[in-house]
Amino acid sequence: MKFTLAIAALTATLSSVSAFSTYSKSVAFARNTRAITSPLFGILDEINGDSFNLLGGGDNDNESQNDMDKAYETFLAQLVFSANDPRLDIIDNIDLCSDPVWLGWLQNKIDTGTDVEEKMALRDLNEMILDIVKRMALSKAGEEREAKDKAEAEAARLESAGAEADEGRKMSDTDVLRKASSVDRSGLGEAADVKQEKISFYKQELTPEIRMSYDDMVKKVLPPYKPGDSPTSVVFAYYDQFDAQFIKVLKERSDNGETESQGVLDALSVEQGKRLEAATANLKEVLAAGEPMRMEGVIVKMSKNGKIDEPFLLLLEANANQAAAAGAQGPAQLMRRLGQRAIEEKDKLSQTKEIKLLRKLLRTDDSDKREELLAEAFTPKQGLIVEGSAENAAKALDGELPDEEKPMPDVPPPDFINACKAVLLNFGNLSSDDDRGDLSSRIKQIANEAEVVATRIYGKGMSLREQQDRMWKEQTTSIFDLETLEIDAERRGETAPWSNDNDDILPGFDTSGKMRIGGQ
């Protein structure tokens, strides 16, 4: 973990230790501690002792609490000002973030704060932490339930096999021969072509973990509403969060007689109809351009205006499939071309290059093409250096050389891996009815391919232990390496730190051979 807080360790504790304790790998502190210098066995011993605070503690408790507050503040600052995705930092420090004492301290800071913007930011962070803790708990519960179901299924299979074995022992020789003759031996020795039918997503049953994962979302969209809100306004506000799984949850509640859920589903249907009408109008505008190049130009303009949404992309895909089914290959290819351009323009609006690359890889089924995309993104490229820029001119006046930009990749591999982790955390449970599998397995496959490409370009990464071993082995530098560095410095017009004008005189000594002290 990257958070390292150095706090005074405890000599002895009587209360329970939280995540911010000496047992933690990141934060060395315990809560509500009470140091004891010598054991006291009774009230008289307590009275005769140096401390007259019969409750224990005193100044040491205040100092411990102050140190704890400093540790919490430092840890909070590292979470807030980290350059990474906050969710990744929370997962990396889940033991600390999920600590009840830390969460209580954070909630108290939110309640007692006076800065409005700070309170909003801390409230968002607190909700994010609670959401991740809940997701991880649900994931663990799901794994335990699946393991239990597999164990029960295996027990049932063994029981059935035992019953069949007992029945077989009771059979006579005539019954055994009769049953053997009824067996079709035409395919004996060949692998049976048994294909298990895949259950559609819409036919899969909702697990308890799925229902619990949408509890917060259900509270947002179902009554009671705030003054002025209605199912229509709530659906419009949270439209992007209505995924297929959530719709299944609402449909189940509606089937159980909950009228509020049915009202939200009706409002969602109306909102989808409005957006589909807008997408149809946009598609007509694109097709009215006439030529394919002009059509793509209209799509670029629509993307800048925020009109390329999910209904528009689905409408293009539906028209392409319909044209292909009717045998009209020309219109089908045109619709696919327009859909591809619309997706590319929508990707340009993404916040980071990592997400753009990941989306492009998810749409590419060919592993060789994915490898080419990864290699192109990971390969360092030399930036354009403009010698006549204002910064270089200013440095030239000061007698300095212009800075040389190091070759950098479009997408650094660590940033891409972090983006994969973030998508897995937020959307890893999504699945599809096609043969590509769920999103989690596809992203993991892409991550493995990215690791292979990155290793090919940058070499194999070293662990901390390997880095320490290398530093120990290479703690000395060859004199030939020093000579090479000195020659390179002279070519750049610089002077190596260990060089001097007179090679006969050692650095730090004057011409008479006496050591200079204090620069004299």
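Author: In this predicted model, a residue is called buried when its relative accessible area is under 20%, exposed when that area is over 50%, and partly exposed in between.

Reader: Why is Glu209 called buried?

Author: Glu209 has a relative accessible area of 13%, and buried means under 20%, so Glu209 counts as buried.

Reader: What makes Arg145 and Glu209 a salt bridge?

Author: The closest N and O atoms of Arg145 and Glu209 are 2.9 Å apart, and the cut-off for a side-chain nitrogen of Arg and a carboxyl oxygen of Glu is within 4 Å, so the pair is a salt bridge.

Reader: Why is Arg145 called partly exposed?

Author: The relative accessibility of Arg145 is 25%, which lies between the limits of 20% and 50%, and therefore Arg145 counts as partly exposed.

Reader: How do you know that Glu296 is buried, and what does its side chain meet?

Author: Glu296 has a relative accessibility of 10%, and because buried means under 20%, Glu296 counts as buried. Its side chain meets that of Arg341 in a salt bridge, at 2.8 Å from N to O, and this pair links helix 13 (residues 292-304), where Glu296 lies, with helix 15 (residues 329-348), where Arg341 lies.

Reader: What makes Asp365 exposed?

Author: Its relative accessibility is 57%, and exposed means over 50%, so Asp365 counts as exposed. Asp365 is found in the loop between helix 16 (353-362) and helix 17 (367-378).

Notes
Residues numbered from 1 in each chain as written. Predicted model: local features only at pLDDT ≥ 70, side-chain atom pairs only at ≥ 80, totals over all residues. Heavy atoms only, no water. Helix = DSSP H or I, 4+ residues; strand = E, 2+ residues; numbered from the N terminus. Buried < 20%, exposed > 50% of the residue type's maximum accessible area, 1.4 Å probe, protein only.
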